[in-house]
Amino acid sequence: MNELMISEWERLWKRKVTWLMVAVLPIMAFASAKYYQKQNNSITSELPQYAVLGNFPVLGLSEMLMTIFNMVVLVIAAIIITEEYRSGQLRMVLIRTYSFQQIIIAKFTVLLSFIFLYLTAYFIICYGIGYAMFSHPETYPQFYYEDQVTNIEGLIYNLKFYGLAFLTLIAMSSVVFFIATISHSTTTTLGVGVGFLFISFSYPNIVNMLQLLLKNEIVMKIIFTSIPMIQWEGLTMMLAKSSSLLGWMFLMLLGYILLFNLLTFIVIKKRNIFL
């Protein structure tokens, strides 16, 4: 099994698109930094949105997480599952002594490993760019915190934020991997995946308009059934000193992971889908 995962990992890195995704990481971080430099000119340093070295890794990820990172998950899943089926590469792997279930598990593990590496690299790059482009105060304000945090406290907060971000990407990977498994073309995988993201962005905004009809707590729970909404606003709420929705968002993420991995397991039991 270890040899299979190593083989799948090497196959992933032989693709130009994989290296292209890695190459754009500094560009993404730099673009975020330029945006927050402009924003700093219009707000005071007393606001948590004011970018400094300590909080830039979080600010720099907040917008990219629900857009670029979700699309990276979608593209990687499409090329290691659907494209390999379409090109016949998956059949070549099946000729070997590995079972179809082992191949799928190895591919899912490779997907999560790549996302973890991608997120870690972005974290390091953001600190580097933050050091070069922003001020280095000893303390600074944090979202949903009454007191300012030190750089050490901020580092711990940032690590927690990225850990939760990785959990949301595991949930998104579970959804997208299921879509890739049942799709017979890369176009279908990308189309359905983008459709899922579009719906996930859309219905929370529709529900938000019903606040006059529904209790605020119910509206917030419905909004945070969406993975992108958890990525956008939910993570800072989960890391607040006190959060009534912490358990709910954890439950939703675990629900996505368990449900869609179960569906994928059911699908791969019907091996003739790819044969």
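Modeller: A word on classes before we start: Ala, Val, Leu, Ile, Met, Phe, Trp, Tyr, Cys and Pro count as nonpolar, Asp, Glu, Lys and Arg as charged, and the others, Gly among them, as polar. The model is predicted.

Biologist: Fine. By class, what lines the second largest pocket?

Modeller: Five nonpolar residues, one polar and four charged. Tyr 145, Val 149 and Leu 239 are among the lining residues, and so are Asp 147, Glu 153 and Lys 160.

Biologist: Which helix gives the most to that lining?

Modeller: Helix H7, residues 151-182, with four residues.

Biologist: And how much space lies in the second largest pocket?

Modeller: About 200 Å³. For the largest pocket, the volume is about 370 Å³.

Biologist: What are the classes in the lining of the largest pocket?

Modeller: There are 10 nonpolar residues, five polar and two charged.

Biologist: Changing topic: which residues form a nonpolar patch on the surface?

Modeller: Leu 262, Phe 265 and Ile 266 do, with about 290 Å² of accessible area together. Leu 262 sits in helix H11, which covers residues 246-269.

Biologist: Why is Leu 262 called partly exposed?

Modeller: Because its relative accessible area is 48%, and partly exposed lies between under 20% for buried and over 50% for exposed.

Conventions. Residues numbered from 1 in each chain as written. Predicted model: local features only at pLDDT ≥ 70, side-chain atom pairs only at ≥ 80, totals over all residues. Heavy atoms only, no water. Patch = residues over 30% accessible without salt bridge, like charges linked within 9 Å, V, L, I, M, F, W, Y side chains within 5 Å. Areas by Shrake-Rupley, 256 points an atom, 1.4 Å probe, with all protein chains shown as cover. Salt bridge = Lys/Arg side-chain N within 4 Å of Asp/Glu carboxyl O. Helix = DSSP H or I, 4+ residues; strand = E, 2+ residues; numbered from the N terminus. Buried < 20%, exposed > 50% of the residue type's maximum accessible area, 1.4 Å probe, protein only. 1 Å grid on protein atoms, 1.4 Å probe; cavity = no way out; pocket = protein on both sides within 12 Å on 5 of 7 lines; lining within 4 Å. Points joined across faces, edges and corners; volume = space filled by probe spheres on them.
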